[in-house]
Amino acid sequence: MTLNIVAPKSHVAATVISDWEIWTLTPMGFSSDKAIAFLQDVSTRMMRSSACREHAELVALAFWLREANTRHILKAYNESSYKALGTVVHFTPANVDTMFIYSWVCSLLTGNKNIVRVSSRSGAVQTLIVALLNEVFSFGDYRDIAQRNLFIQYQHDTQEGAEYTASLCIDADARVLWGGDNSVNALRRFACKPRCRDISFADRYSACVIDAGTLVKEDTAKQAAATLLKDIAPYEQQACSSPRVLFWLGSRKSLSQFFGQIESGVDRQADSAITTKNEQLITAQSVQLVTEVNQVIIGGAICVIECARFEEGLLDYHVGRQVLYCQCVDTLDEIAESISDRLQTLSYFGIAKQALVKFIGQPSITGIDRVVPLGRALEFAPQWDGYELISQLARRVVIE
Amino acid sequence: MTSQAYQDRYEQLLAQDMYSLNTAEKEGALLPVIQALHQHHKLHSPAYSRLVQHYRDQPDTIEDVPFLAVRLFKLFSLSSISDDDVFRVLQSSGTTSQTPAKVILDRITSARQSKALVKIMQNFIGKQRLPLLVIDAPSVLKNKALSARAAGIQGMAFFGRQTVYALNDDMTLNTDALNSFQKLYADQPVLVFGFTFMVWTCFLEALKAQKLSLSLPHGALIHSGGWKKLTDKQVDNPTFKREVTRLTGIPRVHNFYGMAEQVGTVFVECEQGHLHVPEMADILIRDPYSLAVCENKTQGLIQVISSIPTSYPGFSLLTEDVGRVLGQDDCSCGRSGKYFEVLGRLPKTEVRGCSDTQVSV
């Protein structure tokens, strides 16, 4: 396979990457009305398309792309002067079909030119997004944007692919690198300009914490269950921000009660693939072989593996598929012993924000970049993995 | 050390005529053996004992018997014997997956496997040792690590004499060997053995391509190894059989279902095209969404139970194969017990991790 420009479809590029016109064009302005309008148009079309509306993640994306939201995101930067960096190259992942859009949007809003390499393994959602982008790119109004934003695909694990990657890296002003630790390291080995900025999203995992004491009322327990499912059901739980671990502030008994209760409310066949239960069994049995497991609850939609103590090494056996490693704890502080800087998002239920602020404040906590209420783990924000994407993807100009 | 209780019960089971017990009698005979295996592995396999630590003391029915996901044998080395007692380590072919399964055998388990295989196969091909044509290359046995392919051929060699290999080491037809085999044995019963996919591609298709045919009108072909690659080529069992008979004259073709993780207890296809469950094994079909046992005729994951292994805790395994029980005790071939069919495999599970943006170098 050679290199494919998937959007804008009509774009004709030179055969050699370093000859592409995009490198020579001037960037757009920071926070340009045109970029905002473009995204609003994509949003409107997404909302109108019945095919898109079938996917919850596209509904969420469409909502996020609205003018009101993008202006809100940019508001914090109105006071100072920012300019685009130049050309940003994005290497995006396959596990979350919408991810490539979010980091690209941040870069578009700061005025950069962008080359986004999208995965050739992604599914229907990516296809829908690409089709919509192509539609909006074709409007005469957005010619400037269409010239400055390319979505490409190529087989990266070939000699030819490595050459493409090398050419893209050598001229980039910033690289957005999604991937596991190995992929990010491999990409960073490609030579780049001395001032090129790397924004790396490497291997992370996420956890949630639920205070069992707050679940006495049946309604509250139901709400907790619904929000928990909202965080772990999409993308087969393979997004980095989907919790894979549950710290349960409460007893083992209350844990099994809670999961016993929620199973009855879940339509187990609707959402799950034919392979899911077998994969859950493999994970549960593997974990049992390597650590002390107190109980396994596998009958329902969520497979719960209650470990005497959670260790990050156990994540090697986690392949998504609605599996939660659980550890019962007496206090929030107990969590600190099991986690490292690999922990990205901590979603919570039944715990006061104040207590969390205090908890995170401890110098010994080196991980956790996001703490959000349960149910919102997958909501993308321009603050991600500890980065503030808008300012990272722009040059701050000081005028005195 | 194998418990006496297990040993005695297993011998009793093996002494039965194969396929003579009906389903109810069968469970009565098999369950005590399986219970003894459960206790044996709890005692001798730390892994098994961890897996069943929250399980009650003893399964009361075959359905209650705990099962291990078959993939665990790819991820872990599971053993119920000391390292000194390891006789050989069997490796699954690993053709469809990259990591082969590892099955640890001691002498006694290995001997039990061979004996069981003989007992089962005799029911289909008779007690006499026959001239054997192996649809493979002789080099397959030379590899030091015992592959499932080599183990299968070694197992079948018990039934053969004057073994001839049909293929050269480069997997082309050894036409000289085939010609002399045919010349010597065309008028008498012979046994032909091979792996389903190789029989098709390296033997039948090769004969066809070279416009050759054989005449072994008293032969029987035994083959195994899965249909996946043939299904991709749109070759089903009837087509396979028809082509065998057309190109080789062999009238009897028996497929069997078995796996490296449970060598010995194989499920052989009868004259009606049904796979039969022998006395010393059982199968259950489980709903892939709940793992609950399914009714007969309903499709699900195949759980295989074998009374043989004492050296590794693999006597009850949930496979990734899909099948269904077609009936019990009433197959018109006359054999008692359950009979079933294999319909394919679970689709390959693709994990789309974050880690695929670049191959590591």
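Q: Where in chain A is A:Asp173 placed?
A: In this predicted model, A:Asp173 sits in the loop between helix H8 (159-170) and strand E6 (174-178) of chain A.

Q: Why is A:Asp173 called partly exposed?
A: Its relative accessible area is 21%. Buried means under 20% and exposed means over 50%. The value of 21% falls in between, so A:Asp173 is partly exposed.

Q: What makes A:Leu85 and A:Arg195 count as residues that A:Asp173 touches?
A: Contact means heavy atoms within 4.5 Å. Leaving out residues up to four places away in sequence, A:Asp173 touches A:Leu85, A:Gly86, A:Thr87, A:Lys193, A:Arg195, A:Cys196 and A:Arg197.

Q: How many residues lie between A:Asp173 and A:Cys192 in sequence terms, and what is the C-alpha to C-alpha value in space?
A: The two are 19 residues apart in sequence. In space, C-alpha to C-alpha, they are 8.2 Å apart.

Q: What makes a residue of chain A count towards the buried share, and what is that share?
A: A residue is buried when its relative accessible area is under 20%. Of the 400 residues in chain A, 56% are buried. The accessible surface of the chain comes to about 16500 Å². Carbon and sulfur atoms hold 48% of that surface.

Q: What share of the contacts in chain A joins residues at least 24 apart?
A: The share is 74%, taken among contacts between residues at least 6 apart in sequence.

Q: Why is chain B called as compact as a globular protein of its length?
A: Chain B has 10 helices and 15 strands. The radius of gyration is 21 Å, close to the 21 Å that the globule rule gives for 361 residues, so chain B is as compact as a globular protein of that length. Its C-alpha atoms fill a box of roughly 60 × 60 × 45 Å along the principal axes. Buried residues account for 54% of the 361.

Q: What makes B:Met121 and B:Phe267 stand out in the largest nonpolar core?
A: That core has 87 residues. B:Met121, B:Leu191, B:Phe267 and B:Ile283 touch the most other members. Beyond four places in sequence, B:Ile283 touches B:Phe267, B:Val277, B:Ile302, B:Gln303, B:Val304, B:Val325, B:Lys338 and B:Phe340. A second, separate core holds 58 residues, including A:Met28, A:Val42, A:Trp104 and A:Leu108. In soluble globular proteins, nonpolar side chains tend to be buried together.

Q: Why is B:Lys211 called exposed?
A: Exposed means over 50% relative accessible area. B:Lys211 reaches 76%, so it counts as exposed. B:Lys211 lies in the loop between helix H8 (196-209) and strand E8 (219-224) of chain B.

Q: Why is B:Asp329 called partly exposed?
A: Its relative accessible area is 32%. Buried needs under 20% and exposed needs over 50%. B:Asp329 lies in the loop between strand E14 (316-328) and strand E15 (338-345) of chain B. Its phi is also positive, near 65 degrees.

Q: Which residues is B:Asp329 in contact with, leaving aside neighbours within four places in sequence?
A: They are B:Leu21, B:Asn22, B:Thr23, B:Ser336, B:Gly337 and B:Tyr339. B:Tyr339 is 10 residues from B:Asp329 in sequence and 8.0 Å from it in space, C-alpha to C-alpha.

Q: Is the peptide bond from A:Ala7 to A:Pro8 cis or trans?
A: The bond is cis, with omega near -10 degrees. A:Pro8 lies in the loop between strand E1 (4-7) and helix H1 (33-48) of chain A.

Methods. Residues are numbered from 1 along each chain as its sequence is written. Chains are lettered from A and ligands numbered from 1 in the order in which they are written. This is a predicted model: local features need pLDDT of at least 70, side-chain atom pairs count only at pLDDT 80 or more; totals for chains, interfaces and linings use all residues. Side-chain values use heavy atoms; hydrogens and water are left out. Buried means under 20% relative accessible area, exposed over 50%, partly exposed in between (1.4 Å probe, protein chains only). Accessible areas come from the Shrake-Rupley method with a 1.4 Å probe; for residues, only the protein chains shown count as cover. A nonpolar core is a set of buried Ala, Val, Leu, Ile, Met, Phe, Trp, Tyr and Cys residues joined through side-chain atoms within 4.5 Å. Helices (H or I, at least four residues) and strands (E, at least two) are DSSP runs, numbered from the N terminus. The radius of gyration is taken over C-alpha atoms; the globule rule is 2.2 Å times the number of residues to the power 0.38.
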